[in-house]
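Reader: I am new to this structure and would like a close look at its aromatic rings. Please take me through how they are arranged.

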Amino acid sequence: MQEPAKRRNFVPVVIILTLVINLLVALLFFAPPLQVSDGFDWTLLPFFNAIFNSFTFMLLLGAWISIRRGNRINHRRFIGGAMTTTTLFLISYVTYHAVSESTKFGGEGFVRPVYFFILISHIILAAVIVPLVLMSLAHALNQNFEKHKKWTRFTMPLWLYVSLTGVIVYIMIRPYY
């Protein structure tokens, strides 16, 4: 008879990571950029952020299709890839905003409120998605797949939205870098 997997309490880690990530991103909004004089073109990082978000979106779709087909191994691989690209995005995003001023959107007319609606919903849901992803992952690691399924019903569509709108925001603001 196989012993059940030992369940770990990931809640403290989820709370700490959520607070650290969201507070760090919020602080970057208010803090002046660090003075770095190395000649590197930091405006390349938003392009990489969009690439990481694109990969995350595609990997999440692959994970969703895999689990719908009952392929847990591929699902796990796709989620691992999505976690990796999301982590790379976060590192790149924090780096860029630590050393660069925020870029102002210069669009006018109808596109302006559309841009700000997408941006604001993206920002709010990006903060919300952090604990959702971490709790979904925690339930999967604990092999508590019933709770994992309940969490991912909300997590997956929101994570897809956040990764896709990250790319859309980049495309819309790119001319103003």
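Author: What follows is a walk through the aromatic pairs and some residues around them. The model is predicted, so local features need pLDDT of at least 70 and side-chain atom pairs count only at pLDDT 80 or more, while totals for chains, interfaces and linings use all residues. Residues are numbered from 1 along each chain as its sequence is written, and side-chain values use heavy atoms, with hydrogens and water left out.

The structure holds 11 aromatic pairs, where rings of Phe, Tyr and Trp (its six-membered ring) pair if their centres lie within 6.5 Å, and planes under 30 degrees apart count as stacked, over 60 as edge-to-face and the rest as tilted. One of them joins phenylalanine 29 and phenylalanine 30, whose centres are 5.0 Å apart and whose planes stand at 85°, so this pair is edge-to-face. Both phenylalanine 29 and phenylalanine 30 are exposed (exposed means over 50% relative accessible area, buried under 20% and partly exposed in between, with a 1.4 Å probe and protein chains only).

The rings of phenylalanine 89 and tyrosine 93 have centres 5.5 Å apart and planes at 35°, so that pair is tilted. These two residues are 4 residues apart in helix H3 (residues 72-99), and about one helical turn separates them; helices (H or I, at least four residues) and strands (E, at least two) are DSSP runs, numbered from the N terminus. Phenylalanine 89 is buried at 17% relative accessible area, whereas tyrosine 93, at 25%, is partly exposed.

Elsewhere, ring pairs link Phe47, Phe48, Tyr96, Tyr170 and Tyr177 into a cluster.
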